[in-house]
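Hello,

Here is the structure you asked for. Please look through it first; my notes on what was found follow below.

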Amino acid sequence: MLRVGIVGCGMIGKEHAKRIQYKIQGAEVVAVCDVFEAGAKAASDLIGGVKVYTDADALVADPDVDAVVVTTPGNFHKAPILAAIKAGKPVFTEKPLTTTAADCKEIVDAEIASGKHLVQVGFMRRYDRGYNQVREMIQSGEFGKPMILKCTHRAESVDDKYTTEMAVTDTAIHEIDVLPWLIGDGEEWDEVQCIFPRQTKNAHEGLADPQVMIMKTKSGVVVILEVNVNCGFGYDINCEVVCEDGVINLPCPSFPTTRKNFEVATAIEKNWILRFIDSYDVELQDWVDCVAKGTTGGSSAWDGYVAALTADALVAAQKSGKIEKVVTGGTPDFYKK
Ligand code: ISE
């Protein structure tokens, strides 16, 4: 049984604590940590009472903790991840790996120096059934080569703390990670651009919304991504892959279609927690299974670093209005599959 310690007891921390304690096979939560003791206690109570820490280093050092899950806000990910690597303990971190490419690089260097694959980044879309079906269809070659991807990342609304940059670093970061993986092994981003169309009346003061991000891969696939986080009608993720010999659409969650009052209607999911609930389950089960085999699955620390570099280029493109290049310097042998 893998004994897990969770660092960060906010919303997603509590979700993962319950998930690991009650759904995932082969793992149990033995400790939780939050700088706010009340938050850690609340998380502990949710899962039947486990050790409570307010100091992440102490949780990581606890001999009863075999592996660490990091669910603090992204700008606090680096320290507990580095501590886990130093202790030789596997670590699953929520996305993003960290909020700056420089911090991600530090983690990559520390992992390489440790000689062990210890870090998995929680880009849960790689575990979504629909994305996996689309990936398999592309890989089958039956549709020819992908050429254009038309994607939407829409949310009902965002709070006042959400910024123009977060449309990239918090929201589009999912497409940044999942789309090269979806298109095919070895695919990488080449250049990115951001355009601001007519702005919605529903966004708070200072937030640019919607945004259209245009990204091109090294093999020439063009992605047109609409980020629209105050759409008002629900959480709406779409991805249409235009290939040489046909078109593939990402399946939407299946809701019944109803007919009433002269209308045909199908519900749209309310938020990301519900839309990707199954993906989170599959993702954490895979992490636990991989740890048992001494490996990692999903997105690696290198993938997290490349996502952060691409996000930096997109944020630069938001400001410059120009096409910006993504430069990674090539995958180190340690991360080559
Ligand atoms: C949130 O943090 C997520 O990760 C969601 O998947 C994304 O859709 C949302 O925009 C983010 O704020």
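**Helix α1 against helix α9**

In helix α1, Ile12, His16, Arg19 and Ile20 are in contact with Ile277, Tyr280, Asp281 and Leu284 of helix α9. Sorted by class, the residues in this contact of α1 with α9 are five nonpolar, one polar and two charged. Please keep in mind that the model is predicted.

Two packed helices are described by the angle between their axes and the distance between the axes. For α1 (residues 11-22) and α9 (residues 277-292), the angle is about 60° and the axes are 11 Å apart. That angle makes α1 oblique to α9. The crossing of α1 past α9 is right-handed.

**Helix α5 against helix α10**

The second pair is helix α5 (residues 101-114) and α10, which pack at an angle of about 160° with their axes 9 Å apart. Angles over 145 degrees count as roughly antiparallel, and α5 and α10 are therefore roughly antiparallel to each other. Their crossing is left-handed.

Which residues of α5 and α10 meet? From α5 they are Ala101, Cys104, Lys105, Ile107, Val108 and Glu111. From α10 they are Ala301, Trp302, Gly304, Tyr305, Ala308, Leu309 and Asp312. By class, the contact of α5 with α10 has nine nonpolar, one polar and three charged residues.

In soluble globular proteins, nonpolar side chains tend to be buried together. In this model, the largest nonpolar core has 81 residues, and Leu149 and Leu182 have the most contacts inside it. Helix α10 (residues 301-320) gives the largest share of this core, with twelve residues.

What does Leu149 touch, once its neighbours within four places in sequence are left aside? Its contacts are Leu179, Leu182, Ile183, Val221, Val222, Val223, Ile224, Cys239, Glu240 and Val241. Another core, of 21 residues, lies apart from the largest one, and includes Val4, Phe92, Trp287 and Val288.

**Ala79**

Is Ala79 buried or exposed? Ala79 has a relative accessible area of 52%. Exposed means over 50%, so Ala79 is exposed. This residue is found in helix α4 (residues 78-86). Ala79 and Glu187 are 108 residues apart along the chain, and their C-alpha atoms are separated by 30 Å.

Regards

Terms used:
Residues are numbered from 1 along each chain as its sequence is written. This is a predicted model: local features need pLDDT of at least 70, side-chain atom pairs count only at pLDDT 80 or more; totals for chains, interfaces and linings use all residues. Side-chain values use heavy atoms; hydrogens and water are left out. Axes are lines fitted to C-alpha atoms, for helices over the stretch in contact, and angles run from 0 to 180 degrees between N-to-C directions. Helices (H or I, at least four residues) and strands (E, at least two) are DSSP runs, numbered from the N terminus. Angles under 35 degrees count as roughly parallel, over 145 as roughly antiparallel, 65 to 115 as roughly perpendicular and the rest as oblique. A crossing is left-handed if the near helix is turned anticlockwise from the far one by less than a right angle, and right-handed if clockwise. Contact means heavy atoms within 4.5 Å. Ala, Val, Leu, Ile, Met, Phe, Trp, Tyr, Cys and Pro count as nonpolar, Asp, Glu, Lys and Arg as charged, and the others, Gly among them, as polar. A nonpolar core is a set of buried Ala, Val, Leu, Ile, Met, Phe, Trp, Tyr and Cys residues joined through side-chain atoms within 4.5 Å. Buried means under 20% relative accessible area, exposed over 50%, partly exposed in between (1.4 Å probe, protein chains only).
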